[in-house]
Amino acid sequence: SKVTELLRSSGINAEYGQSNLSVMKGFKDLPSEEKPKARCYLSLCLVFALLFVIFLVFNLMFFPVVFQIIVNSQVILKDGTLSYAQWVSPTPPVYKIITMYNITNPDNVTLGGEPHVSPLGPYYFREYRNKTHITLHNASLHFNQMKWYEFDSNKTNEGRSQHLDPARDNFTTINIAYMGIAYNLSLANSELGMAVADAIANTTGEQTLLMTRSVEEVLFGFEDRLLKELSLFMHGLPTTVQIIQNMSRSDLTETSVVDSGASNVSLLGQYTEWQGYKALPWWGSDQARTINGTEGIFFKPGISKEETLSVWTDDMYRSVIMEFDGEETRKSLETYKYKAPAYSMLNAKSNPINAGFYSFGPDGLLNLTSVVNAPIMISKPSFLDGAEWLNDEVKGLPQANSSSMDTNVWIEPLTGCLVDALKQIQVNIMISSWNYTSIVFKELRQEARYIPIALVQETGGMDEDLLARFKAKVFTPRAIMVAVLWSVMGVCALCSVAFLAVLLTYLNKDRAPDRAPIIPAQEKY
């Protein structure tokens, strides 16, 4: 070793196994007037060696814990932290990217045949969120939220020869309102209700299986004539059909409550109330009715690979689970990748938890019927992780591919902050004859068929500006602290070795002729 060579160059025998003498014997034989100086060298050597060991133990065992505590204090939701500012109003752009499915063989579908669909889009809508009326009660943050969407024509039409405009582009899909009325009246087995509904549908021109509307209308809402007429007899019946709620900039949701993480950082960002609900009334079990999960912008710091994460999803009126799916470098950060597991899409027979969400149909479908009062089902794109026949019965859908069609989030594990995200869901509607008396349903089969209406993708995460601020607040200080610790350890190690070398040289130096060296020089061969 270098230390051994250094000692040898000083005339000291570093091969202690070949010497019968020791440093302690050297001290014993040292003249009394020289012992204080030797003790000083030895003390300094031991002090620096001890400091090296202390800093090494701290660096390996305690520094990660201490730094995690520091990070925890910076990510909780309190005014002044980076997490709080992003929670109130996210600065990186969030986009909903929507593709509508146009039914290209409407006559065949009306006669009960397989639907053929072609994609229309994608359309890019910038999502804006802003929380207001924020108040802190103990460790809970109460707030109202504004959320709205604005069409981004530039991103939508970039590189396109044919201009897309959601306000002018029409497509054909299933008549959602009529299907909802038929489904609910069939369940109630109300022949009188069926007769009244069909009479009104006939007079309003809504007694059709299909409808042709603009993309904007189906996405963000239109007043349905059939529902409007029926609302005269059925008070409280919603008259608007929409897939996504698009609020104005002045509209506010009801009060929601999340945990700030101040008392328990593992609860950071977890919903405890959502838009006035402490429990979700649409679902059929206590577990399903429980409100949990974060907004998805961040999670608790210090997440592990074994943890299952919950994300609250407004579009589905419930939380969804995410499980670890590997480590990836994303936007120059080391991240944990999480995905929605396949078993979360199983029906109640295979996954009993989903009984509380009324998932009694085929695998791969999440039932929203109890929420929207229409037979709307959510799936992964192209019915990924669902029954194979679902995709086979719709012509025009791409083949399911888990690598490109799943919902994924990439999280920096130390802070729990979202680095990148891609949420993907497919909105479908169920059609069947349902023993409904209308002539519209005479040609439909009794077995349910599931027809896609739209593919909704959502992107999010850190942009370059937020990424730079994030690194400056978290990783740059950590890198500096680690560099300082290792530098101090290096200095301690060098000083300890240097004083040991000085000590051994001092013990071996030539003295009066009548005295032999305390530690004999190495023999020469």
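**Exercise 1. Find which helices each supply at least two residues of the nonpolar patch, and say where the largest share comes from.**

Step 1: Helix 3 (35-75) and helix 15 (464-507) each bring at least two residues to the nonpolar patch. Helices here are DSSP runs of H or I with at least four residues, strands are E runs of at least two, and both are numbered from the N terminus.

Step 2: Helix 3 gives the largest share, 8 residues.

Step 3: Now list the members: V53, V57, F58, L60, M61, F62, V66, I70, M481 and W486 make a surface patch of about 880 Å². Patch residues have over 30% relative accessible area and no salt bridge; like charges are joined within 9 Å, and nonpolar side chains (Val, Leu, Ile, Met, Phe, Trp, Tyr) within 5 Å. Areas come from the Shrake-Rupley method with a 1.4 Å probe, and for residues only the protein chains shown count as cover.

Step 4: Check one member. V66 sits in helix 3 and counts as partly exposed at 35% relative accessibility. The classes are buried under 20% relative accessible area, exposed over 50%, and partly exposed in between (1.4 Å probe, protein chains only).

A word on the model: it's predicted, so local features need pLDDT of at least 70 and side-chain atom pairs count only at pLDDT 80 or more, while totals for chains, interfaces and linings use all residues. Residues are numbered from 1 along each chain as its sequence is written, and side-chain values use heavy atoms, with hydrogens and water left out.

**Exercise 2. Work out which parts of the chain the K96 and E127 salt bridge links.**

Step 1: The side chains of K96 and E127 pair at 3.6 Å, N to O. A salt bridge is a side-chain nitrogen of Lys or Arg within 4 Å of a carboxyl oxygen of Asp or Glu.

Step 2: K96 belongs to strand 1 (residues 94-103) and E127 to strand 2 (residues 117-137), 31 residues apart.

Step 3: Both ends are buried: K96 has a relative accessible area of 1%, and E127 has 4%.

Step 4: The structure holds 27 salt bridges.

**Exercise 3. Say what R445 and E393 tie together.**

Step 1: The closest N and O atoms of this salt bridge are 2.6 Å apart.

Step 2: R445 is in the loop between strand 16 and strand 17 (449-461), and E393 is in the loop between helix 13 (388-392) and helix 14 (402-405), so the pair ties together parts 52 residues apart in sequence.

Step 3: R445 is partly exposed at 29%, while E393 is buried at 15%.

**Exercise 4. Pick out the residues that touch the most other members of the largest nonpolar core.**

Step 1: Start with the definition: a nonpolar core is a set of buried Ala, Val, Leu, Ile, Met, Phe, Trp, Tyr and Cys residues joined through side-chain atoms within 4.5 Å.

Step 2: This core has 117 residues, and the ones you want are W87, M100, I174, M179 and F441. Strand 16 gives the most to this core, with 9 residues.

Step 3: Zoom in on W87. Leaving aside neighbours within four places in sequence, its contacts (heavy atoms within 4.5 Å) include L77, K131, I134, E295 and F298.
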